[in-house]
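Below are some notes for a colleague who has the model open alongside the text.

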Amino acid sequence: MRRFSFTKMHGLGNSYIYVNLFEENIPEELLSELAVQVSNVNTGIGADGMILICPSEVAPVKMRIFNSDGSEGKNCGNGLRCVAKYAYEHQLVKETSFLIETLSGLVKAEVFVENDVVTKVTVDMGRPRLKRSEIPMVGEEAEQVVAEPVQFCGEWYEMTGVSMGNPHAVFYVDDIEQAPVTTLGPIVEKDARFPEGINVEFVEVVNDHELHFRVWERGSGVTQACGTGACAAVVASVLNGKTARNKETVVHLAGGDLYITWTDKGNVLMTGPAETICTGVYYY
Ligand SMILES: N[C@H](CCC[C@H](N)C(=O)O)C(=O)O
């Protein structure tokens, strides 16, 4: 029976099954199906997907993320904080600040340590990509897609598109508890205007440095938190004149709070917790 050791970790309730490929070996062709299997709460371990911690030629570690439907994502904010925690606590890195390779480029992580345990992590997520072709979204090339009227199922909405290396559609609501997360979310996720699909965020603005946030994730559905989505929500809120540039904004997600700044330099800084839940062996 084949097996691999895993660590289940979460960032604000957005949990993944982490596999250390410095020590484990899983055939590439099985990765997508294994992500589906381990995510299943009844017949697997239960999580929003699987994240691989891999050797890299350009950084101390590389992160690969698979959603619970088996699709591979190009970035994951909550995942990056947990990968940083794992890498430091398992001596894959020696410093408290280091690079992590993702499929959408390099990011820089800084871990904060108390009694040899990483309690929180700041990740410099780099610059948002705002052109229509970078989201990506079909249609006339545009410098930005901000509050663009779009129709889904006969209803008109204003959508702001932001890529954090993965695609996000941000919608504003008056009451986050009434947001159409499970009705509009899956429709937008797979709309033909988004050739790679898209993560769907709903935001209620509290003030110029505070947001409420819910998410329907591409490939995973409703999750407790989405780090890249929260970054996209802050960028979208600045673009829509709702929050302030270069000012730390607290984003209240279902699983807890992230602290995010879109700096005047252009990069997005995200700070939040990363927790280890358990370790184990998975048989397949
Ligand atoms: N569903 C996302 C990947 C996970 C992102 C999210 N969990 C985060 O913390 O950023 C996608 O397919 O682009």
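1. In this predicted model, the largest nonpolar core comprises 76 residues, and those with the most contacts inside it are Tyr-18, Val-83, Ala-84, Ala-230, Cys-231 and Ala-233. Helix H4 supplies the largest share of this core, with 8 residues. Both domain 1 (3-126 + 272-283) and domain 2 (132-266) give residues to this core, so the core lies between them.

2. Ala-230 is one of the residues with the most contacts inside that core, and its surroundings can be listed individually. Leaving aside residues up to four places away in sequence, Ala-230 touches Gly-77, Phe-213, Val-251, Leu-253, Leu-258, Ile-260 and Met-270.

3. On the division of the chain, the assignment gives domain 1 (3-126 + 272-283) and domain 2 (132-266), with domain 1 therefore written as two segments under the automatic or database domain assignment. The C-alpha centres of domain 1 and domain 2 are 24 Å apart, and the contact between them takes 23 residues from domain 1 and 21 residues from domain 2. On the side of domain 1 that touches domain 2, H2 gives the most, namely 4 residues, while the residues of that side divide into 4 nonpolar, 15 polar and 4 charged.

4. Which residues come nearest to the ligand? Of the 19 residues around the ligand, these are Gly-73, Asn-78, Asn-166, Gly-227 and Thr-228. Two or more residues of the shell are given by each of strand E4 (61-67), helix H2 (77-89) and helix H4 (227-239). By type, the shell around the ligand holds 3 nonpolar, 14 polar and 2 charged residues, and at least three residues are drawn from each of domain 1 (3-126 + 272-283) and domain 2 (132-266). A reader tracing the helices may note that H2 also gives the most to the side of domain 1 that touches domain 2, and that H4 provides the largest share of the core described above.

5. Helix H1 (residues 31-39) deserves a separate look, its buried residues being Leu-34, Ala-35, Val-38 and Ser-39. Viewed down the axis of H1, these buried residues fall within an arc of 125 degrees, so they line one face of the helix. In an α-helix there are 3.6 residues a turn, so residues three or four places apart point the same way. The buried residues of H1 pack against strand E2 (14-20), strand E3 (49-54), E4 and strand E18 (275-283); of these, E4 is also among the elements that give two or more residues to the shell around the ligand.

Terms used: Residues are numbered from 1 along each chain as its sequence is written. This is a predicted model: local features need pLDDT of at least 70, side-chain atom pairs count only at pLDDT 80 or more; totals for chains, interfaces and linings use all residues. A residue is near a molecule or strand if its C-beta atom, placed from the backbone, lies within 6 Å of it. Ala, Val, Leu, Ile, Met, Phe, Trp, Tyr, Cys and Pro count as nonpolar, Asp, Glu, Lys and Arg as charged, and the others, Gly among them, as polar. Two residues are in contact if their C-beta atoms, placed from the backbone, lie within 7 Å. A nonpolar core is a set of buried Ala, Val, Leu, Ile, Met, Phe, Trp, Tyr and Cys residues joined through C-beta atoms within 7 Å. A residue is buried if 20 or more other C-beta atoms lie within 10 Å of its own, exposed if 12 or fewer, and partly exposed in between; C-beta atoms are placed from the backbone. The arc is that of the directions from the helix axis to the C-beta atoms.
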